[in-house]
Amino acid sequence: MTMRKILGAGAALVLAISSTLASAASKPELSIGYVDGWSDSVATTNVAAEVIRQKLGYDVKLQAVATGIMWQGVATGKLDAMLSAWLPVTHGEYWAKNKDKVVDFGPNFKDAKIGLIVPEYVKAKSIEDLKTDTSFNNKIVGIDAGSGVMLKTDQAIKDYGLSNYKLQASSGAGMIAELTRAEGKNESIAVTGWVPHWMFAKWKLRFLDDPKGVYGAAETVNSIGSLGLEKKAPEVATFLKKFQWNSKDEIGEVMLAIQDGAKPEAAAKDWVAKHPDRVAQWTAK
């Protein structure tokens, strides 16, 4: 190869690298909000952010905020997106207030629900069974007083005639501690809970049937973007329309890794590396 050809090839390579770097640098940084206390919000947001960084070439800044601020941030454009909108009921008021100021890219998790959860080994199948099953010691272990699932459980106690039962207010961590103890001793326990949650990846659990519909039907967890996101980052908008977990076990893998001590970003990187086919489905053009 002549010196002129070598220099020409080198110049072409430099131009190609410069063009790639310029293209990456020209992409704006994106800001995505999430709720730090929600294990599903942390897991979903970190995995989505990792895919956006690795496969779409955008820098992503994650911001932990309260639920109302998250919605307000996306509605005002201070946040580009969120992936933690429980619809149509749980966040129904936020949606009604902001639906003309945001874009709904659809569900990233389809079977979200709240209710009473028990280990698979207990005999009770329905909330109605608690009335005659003495193995629960007339106690339901709850989370924070005033939360949606707690208010619904107060109603369930009335509607199902469980006046002899006490709803024990606690916290998410307190509820898990009680569940851990019961699982270790193979004891009956009923806790207030929801899916997606990492506890379904750790133990074999199920919801008690709710024939009276106190806890409502299954909801979806949706990805919501600002009005300007599609123009600002069209590839990201396309990705958010496709990004969806297949099951509670799929997201549970990430949530459990974080619960067991992995940093959220590290858990997300590990999941993305282990599931190239799923990532390819989300990012296919």
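Modeller: Let us begin with the lining of the largest pocket, to which α2 (39-56), β4 (102-119), α5 (148-159), α6 (172-185) and α10 (248-259) each supply at least two residues; helices (H or I, at least four residues) and strands (E, at least two) are DSSP runs, numbered from the N terminus. This is a predicted model, in which local features need pLDDT of at least 70 and side-chain atom pairs count only at pLDDT 80 or more, while totals for chains, interfaces and linings use all residues. Residues are numbered from 1 along each chain as its sequence is written, and side-chain values use heavy atoms, with hydrogens and water left out.

Biologist: What counts as a pocket, and which residues lie nearest the centre of the largest pocket?

Modeller: On a 1 Å grid over the protein atoms alone, a pocket is an open set of points where a 1.4 Å probe fits, with protein on both sides within 12 Å along at least five of seven lines, and lining residues have an atom within 4 Å of a point. Here the largest pocket is lined by 37 residues, with W38, W86, I114, I143 and W194 nearest its centre, and α6 gives the largest share of that lining, four residues.

Biologist: How many residues of each class are in the lining of the largest pocket?

Modeller: Ala, Val, Leu, Ile, Met, Phe, Trp, Tyr, Cys and Pro count as nonpolar, Asp, Glu, Lys and Arg as charged, and the others, Gly among them, as polar. The lining has 19 nonpolar, 13 polar and five charged residues.

Biologist: At what angle do α2 and α10 pack?

Modeller: Two packed helices are described by the angle between their axes and the distance between the axes. For α2 and α10 the angle is about 105° and the axes are 9 Å apart, which makes α2 roughly perpendicular to α10 (65 to 115 degrees). The contact (heavy atoms within 4.5 Å) is made by S39, D40, V42, A43, T44 and V47 of α2 with I251, V254, M255 and I258 of α10.

Biologist: Is F239 buried or exposed?

Modeller: Buried means under 20% relative accessible area and exposed over 50%, with a 1.4 Å probe and protein chains only. F239, in helix α9 (residues 234-242), counts as buried because its relative accessibility is 2%. Leaving aside neighbours within four places in sequence, F239 is in contact with A48, V51, I52, L56, W282 and T283.

Conventions:
Axes are lines fitted to C-alpha atoms, for helices over the stretch in contact, and angles run from 0 to 180 degrees between N-to-C directions. Angles under 35 degrees count as roughly parallel, over 145 as roughly antiparallel, 65 to 115 as roughly perpendicular and the rest as oblique.
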